[in-house]
Amino acid sequence: MSFFLNDDLELLKQSAQEFTEKYVAPCVAEMEETNEFPRDLYLKAGELGFLSLIVPEQIGGMGLGLTAVGVVTEEIAKVSPAFAISYYVDSCMVSYLMESPNREALLKKYLPGLMSGWTIMAAGITHPEGSTNIPEWPILAKRDGDDWILNGSKLYVTNCGKADLVAFIGLTEDREMRCFIVETSDPGVDDNYVEEKLGLCGNCSGSYFLTDVRVADDHSFSKNPLDGFGPGNALCAAVALGCAEGALTKTMDFVQHRSHKGQPIGAKQVVAHRIARMWGQIEQSRALIYESLGMADRLIATGDTSLAAETKML
């Protein structure tokens, strides 16, 4: 049993392993070739409850928190870091809806689809001008009566072209930071700019271009975009952890079967030292990642994202 996981999370880990081996692994070659992920993966993830892990039990979710998302993300990343990123971004987006003063109506409208996998959500944060340096951002939204009109673009949006719903974060005319919940079928939303990323084909990362997109005021609210950076960094690190574990598994198989002068090369001390170093670095990373996610779940991070930033760097 893991030092970092309780019985519920251990069962979740086992379920995530089975999901990855049975459903994700067979799709990896297709994702690499088409630069898309099969939407059926989301439906299966929803069926297994993977998309409702952070949703409170009171509104139909599992209420297991960000640590649970990290567990599933880590397992998926062992075979597909691209889909692991897509998964954790989508599974955490419901938190945006829960922050809204109009959350009851938004959750009633969108939560069933998000938890089942029928609806995929993304976050549009990074601007072409200024990247994540917020003071350099141009105006994204202007008032028009009771609505908002959005004009601008966002880069590096995970699930671009696949998302049904996007939370765009940007500045208004009075430099207020707001979040705007937009359906990608709305007039003026262009999501046809998906990039091909080495090692992340199927991640569907791309750009959104917004031209006179009208958003009702009850689909917007004040938002600090830095609020989610801490948990987001830790979950990004969970992807790297899964990649490292996947690489170690393949390495172990190789050194046990590749021989030199009648002996597996894994029996050679220099190779064994490298394997031990890899394992040690993985376990160090695991400790930092799950401590960071555990702090977020226990609500004791109090806005301090330094541990999460350290986690991502490691």
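This is a predicted model: local features need pLDDT of at least 70, side-chain atom pairs count only at pLDDT 80 or more; totals for chains, interfaces and linings use all residues.
Student: What share of the 314 residues of the protein counts as buried?

Tutor: The cut-off of under 20% relative accessible area is applied to each residue. Taken over the 314 residues of the protein, the share that counts as buried is 48%.

Student: Is Ser153 buried or exposed?

Tutor: Ser153 is found in strand β3, which covers residues 147-157, and, leaving aside residues up to four places away in sequence, Ser153 touches Thr126, His127, Pro128, Tyr208 and Phe209. Its relative accessible area is 13%, and because buried means under 20%, Ser153 is buried.

Student: What radius of gyration does the protein have, and why does it agree with a compact globule?

Tutor: The C-alpha atoms fill a box of roughly 80 × 40 × 35 Å along the principal axes. For 314 residues a compact globule would have a radius of gyration near 20 Å, so the value for the protein agrees with it, being 21 Å.

Student: Which percentage of the contacts with a separation of 6 or more comes from residues 24 or more positions apart?

Tutor: The protein has 10 helices and 10 strands. Among its contacts with a separation of 6 or more, the part that residues 24 or more positions apart account for is 71%.

Student: How far apart are the mean positions of the positive and negative charges?

Tutor: The protein carries 26 positive and 43 negative charges.

Conventions: Residues are numbered from 1 along each chain as its sequence is written. Side-chain values use heavy atoms; hydrogens and water are left out. Helices (H or I, at least four residues) and strands (E, at least two) are DSSP runs, numbered from the N terminus. Buried means under 20% relative accessible area, exposed over 50%, partly exposed in between (1.4 Å probe, protein chains only). Contact means heavy atoms within 4.5 Å. The radius of gyration is taken over C-alpha atoms; the globule rule is 2.2 Å times the number of residues to the power 0.38. Lys and Arg count as positive and Asp and Glu as negative; His and the chain ends are not counted. The place of a charge is taken as NZ of Lys, CZ of Arg, CG of Asp or CD of Glu.
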